[in-house]
Amino acid sequence: MVGISGFGSVLPWTRRMIVEQRRWLDAAGFNDLLALCQLVPGPNVVNLAVVLGDRFHGPIGSVTAVAGVTSGPMAIVLTLAAALSQVSSLPLVTNAFHGLGAAAAGLVLATTLKMAHPLAAPRPPVTRDWRAIGMALLALVAIGLLRLPLLASLAVLVPVSVGLQLLPRRR
Amino acid sequence: MEPYLALASVFGRLGLLAVGGVLSVLPEMQHQAVEVHGWVTAREFTSMFALAQSAPGPNMMVVPLLGARVAGLPGAVVAAVSFVLPPGLLVFCVGRLWQRLRGKPWLHDVQAGLTAVTVGLVAAAALLLARSAADNWQDWLAVVAATVILLRTRYNPLWVMIGGAALGAVGLL
């Protein structure tokens, strides 16, 4: 198994490697697997490695694949952090990290807006899902503004949100 | 032993709460690392996350960075394994049942319900990061500019990160 790497968001790279280069899965198969990995909690790419590894070589394949996707990046990021900690007192480095933090906040904000877009402005045959919008706002308020504990919040939000989706819809 | 146990207990719980991905648990991770355990300051946490996002690899790399800060290389490994193992076991089991589960009509609703919560949690993570990264209007402008560039162009996010770091280094932020 090969370690997979990419910048910022790894998923497009993973897709390219699995579908286009190695041809382990076709596009539909990849989307199906991704749906599974997003359904179960945990880092998406690591989840993908677990399932794909298992398909090819069983439990050992899963462990190898997870080690493959995590060990290389981990070595890089730890080396980088260790190197930077040597110079972390320099104002130049502190200032650079300040700017880097702002860019990272922008990255997550862009991710949020990309995820929220299909909820707020769905393509025409699909109508706006007020239940989903309401639950997203509730989660934002609970965790982002009120800073309630995550476990307790999820214990309420997830069943309610899934329950609302399971309710029959009026046409 | 004590720092390892603390890392294992914090990250062991966080992994299973990462509904829809790592970003969902970022606010709770920050709360645990900054307020509960005092491993890092809020600003350091944001820097570590930013560093993890700038380096290649899955976005969970902030986890081993925090582990390394607490207890060196073994700490990084303990944090990463604790974070990955519980959801890994879960997805392994669900993966084996997937042939029977997939295509069930209710699954689509479960997915939609989870996605809604995920969107709210990722929004909370964005809010938290922006608030701890930005002190003045220039910083907020940089956050918004980075967001717009990432949404409107197809540049690799790495360039946006490098741009942010460069603006910071020359003292504009």
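The legends below describe close-up views of a predicted model. Residues are numbered from 1 along each chain as its sequence is written, and chains are lettered from A, with ligands numbered from 1, in the order in which they are written. Because the model is predicted, local features need pLDDT of at least 70 and side-chain atom pairs count only at pLDDT 80 or more, while totals for chains, interfaces and linings use all residues.

**View 1. Overall fold of chain B.** Chain B contains seven helices and zero strands (DSSP runs numbered from the N terminus: helices are H or I of at least four residues, strands are E of at least two). Its pattern along the sequence is α-α-α-α-α-α-α. The C-alpha trace of chain B spans about 55 × 45 × 25 Å along its principal axes. Of the 173 residues in chain B, 54% are buried (20 or more other C-beta atoms within 10 Å of the residue's own; exposed means 12 or fewer and partly exposed lies in between, with C-beta atoms placed from the backbone). Among contacts in chain B between residues at least 6 apart in sequence, 56% join residues at least 24 apart; two residues are in contact if their C-beta atoms, placed from the backbone, lie within 7 Å.

**View 2. The contact between chains A and B.** Chain A contributes 76 residues to the contact and chain B contributes 85 residues. On the side of chain A that touches chain B, at least two residues come from each of α2 (27–39), α3 (44–86), α4 (91–120), α5 (130–145) and α6 (150–166) of chain A. The largest share, 23 residues, is supplied by α4(A). By class, this side of chain A has 54 nonpolar, 20 polar and two charged residues (nonpolar: Ala, Val, Leu, Ile, Met, Phe, Trp, Tyr, Cys and Pro; charged: Asp, Glu, Lys and Arg; polar: the others, Gly among them).

**View 3. The largest nonpolar core and Ala104(A).** The largest nonpolar core has 103 residues; such a core is a set of buried Ala, Val, Leu, Ile, Met, Phe, Trp, Tyr and Cys residues joined through C-beta atoms within 7 Å. The residues with the most contacts inside this core include Ala104(A), Val108(A), Leu65(B) and Leu129(B). Neighbours within four places in sequence aside, Ala104(A) is in contact with Phe49(B), Ala50(B), Gln53(B), Leu129(B) and Met161(B).

**View 4. Helix α6 of chain B.** This helix (residues 137–152) has 16 residues and reaches 22 Å from its first C-alpha to its last, close to the 22 Å expected at 1.5 Å a residue; the expected span is 1.5 Å times one less than the number of residues. Asp139(B), Ala142(B), Val143(B), Ala146(B), Thr147(B) and Leu150(B) are the buried residues of α6(B). Seen down the axis, they fall within an arc of 130°, so they line one face of the helix; the arc is that of the directions from the helix axis to the C-beta atoms. On the other side of α6(B), Trp137(B) and Arg152(B) are exposed. The cover over the buried residues includes α4 of chain A together with α5 (105–133) and α7 (157–169) of chain B.

**View 5. Surroundings of Arg102(B).** Arg102(B) lies in the loop between α4 (62–101) and α5 of chain B. It counts as partly exposed because it has 13 C-beta neighbours inside 10 Å. Beyond its neighbours within four places in sequence, Arg102(B) is in contact with Asp32(A) and Leu107(B).

**View 6. Surroundings of Ala8(B).** Ala8(B) belongs to helix α1 (residues 2–17) of chain B. Not counting residues up to four places away in sequence, Ala8(B) touches Val78(B) and Ser82(B).
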